[in-house]
Amino acid sequence: MSTKMMFIKDVTSVIDSWKVRVIVEEKTQPRASSGGSVQYQRLVLADETGQKVVATIFGSDIGYFKDSFCLYNTYVVSNAKVKRCDPKYDKFNYPYQWTINLKTAHNAETEKCIAQSVLNLQFATFINLNEQIGNDNVVDILAIVVDKKDQRSFTAGEKEYIVKEYAMVNEEKKVVILTLWNAVAESEGNIIDSALDSYPVLRVSNLSVSAHYDGSFGSTPSTAVLLDPAIPEADELRIWRSSNLKYIVETSSKDHFVHTESSESLPKEEIYSIEDVLKNEKVEKFTVQVNAKIVDLDQKFFYMACGKCYSGINAEHKYEYTCVSCKRSTKAEPREKVHLNIFDQSGSLDVTVFGPQAIKILQMDSVMCMDLCNAKSSPSVNRINETLSSEVFLMKIRKRKRTIGGIDQYVYAVGNLSRIETVSKEKHDKDILDREESISPKNLEDSLLMTNVLNNKERNKCVKNYIFFSKISRLI
């Protein structure tokens with residue numbers, strides 16, 4: 001008796017014989033597991049109802065299926081290995097994952113093909129991307145590659161990181177950086193590298209939204225890259241590319257791998273001085289234009305927090321508990337935290353910066369800070385301060401009264417910060433001299449030597465190139 005055709009949602013680990021008609025939505029390049037000992041290839045399959053499932057091919061079986069499961073083609077699949085997946089990886093509201101091996105039957109379907117429309121592809125917009133920072137949801141993008149930064153690697157703790165960065169643009173005419181990490185950089189990144197000269201259209205799936213570059217995309221272990229996908233949305237983008245080739249070529253000639261923000265895009269609002277913030281007891285929120293530096297040299301730059309509400313806890317990473325603040329079951333996760341001293345001509349103030357805003361200062365996230373701490377190391381405060389010394393920030397500060405040790409004190413937290421300019425050489429020198437009493441003679445001498453030796457063009461180039469990964473490679 002022939003096996004009855006089923007839908008994905010009907011397939012469970014207790015069913016011995018089944019078959020499902022599916023369309024292939026994603027197929028990654030083969031890549032190594034985090035330990036490097038196992039090769040795997042990840043697929044996303046969908047049935048005609050739109051239900052999706054993750055299927056994986058391992059080891060030597062990858063070569064056997066090399067010419068099968070072609071993107072957007074339809075197949076009848078039967079008797080893949082079915083097992084429950086970790087709930088945190090249940091992206092498609094289906095609690096199982098499939099393993100495709102030599103025992104899995106698969107046949108290309110030519111008569112009852114599933115329409116691409118069931119995939120319901122959704123692509124993230126680039127405008128207002130920074131509003132999505134901190135959102136745990138992964139996103140897909142469809143965009144054109146206009147530039148690439150040279151591959152780099154660095155070590156944090158005992159881990160080796162490989163990084164590739166690409167500048168992407170779409171019809172919104174906003175350039176956003178895509179960062180690929182480790183195995184994804186080596187596998188999917190090679191696809192991009194092979195077609196850079198033609199300004200290829202890419203579909204990139206399962207990306208996180210990062211605070212780097214004030215809003216960018218970063219790869220996850222399940223990220224897949226598809227070059228020039230055969231979907232209607234990509235056809236439209238290719239038409240737009242042909243009509244806007246001059247813009248694309250001009251855009252590709254610019255340097256996009258610098259952490260900068262335009263003051264023109266910042267809201268027009270009252271700017272308070274530090275003196276105003278200290279004296280005013282009626283206003284709770286202030287916007288200030290300040291310089292910044294780190295004076296607390298012993299901080300870890302992260303703390304362990306509830307994964308849901310960010311309240312602190314003294315626990316090991318991934319410790320499972322019920323948070324006393326939000327009352328939800330959660331795990332202890334690292335979160336960025338920086339104690340910062342900010343100052344203008346009227347005075348100085350100690351503030352605390354958390355999360356994505358702290359990343360803008362550190363140029364690394366909490367996991368990297370934790371890895372460094374575990375390795376008995378820490379980010380180089382001197383190098384961070386060297387960068388901060390040539391920058392001006394617009395910060396939104398919240399002022400709160402707290403009773404600490406029986407004494408009422410004000411504490412200040414930064415809600416948002418933006419770089420609004422790089423200080424000129426002359427102004428930078430003057431600020432150093434004005435604040436000489438707070439800087440050691442050796443550091444002052446080194447700072448003046450740096451600014452005197454370099455002319456404006458050379459110094460600006462140093463500042464421009466002093467971005468995240470070039471910094472971190474020297475921090476270790």
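Strands here are DSSP runs of E with at least two residues, numbered from the N terminus. The views below all come from a predicted model.

**View 1. N128, a loop residue with a positive phi.** Look for N128 in the loop that links strand 9 (105–108) to strand 10 (139–156). N128 is not a glycine, yet its phi is positive, at about 60 degrees. Its relative accessibility is 43%, so N128 counts as partly exposed.

**View 2. F69, a buried loop residue.** Here the loop runs between helix 1 (61–64) and strand 6 (74–78), and F69 sits in it. F69 also has a positive phi, about 55 degrees, without being a glycine. Because its relative accessibility is 0%, under the 20% limit, F69 counts as buried.

**View 3. The largest nonpolar core.** This core holds 43 residues. Within it, the residues with the most contacts are L340, I342, V351, M395 and I397. Let's zoom in on I342: leaving out residues up to four places away in sequence, I342 touches several partners, including I274, V288, V290, L349, V351, M395 and I397. In soluble globular proteins, nonpolar side chains tend to be buried together.

**View 4. K4, an exposed residue ahead of strand 1.** You will find K4 in the segment before strand 1 (5–6). K4 counts as exposed because its relative accessible area is 68%, over the 50% limit. Now find K19 as well: K4 and K19 are 15 residues apart in sequence, and their C-alpha atoms are 6.9 Å apart in space.

Note on methods:
Residues are numbered from 1 along each chain as its sequence is written. This is a predicted model: local features need pLDDT of at least 70, side-chain atom pairs count only at pLDDT 80 or more; totals for chains, interfaces and linings use all residues. Side-chain values use heavy atoms; hydrogens and water are left out. A nonpolar core is a set of buried Ala, Val, Leu, Ile, Met, Phe, Trp, Tyr and Cys residues joined through side-chain atoms within 4.5 Å. Buried means under 20% relative accessible area, exposed over 50%, partly exposed in between (1.4 Å probe, protein chains only). Contact means heavy atoms within 4.5 Å. Helices (H or I, at least four residues) and strands (E, at least two) are DSSP runs, numbered from the N terminus.
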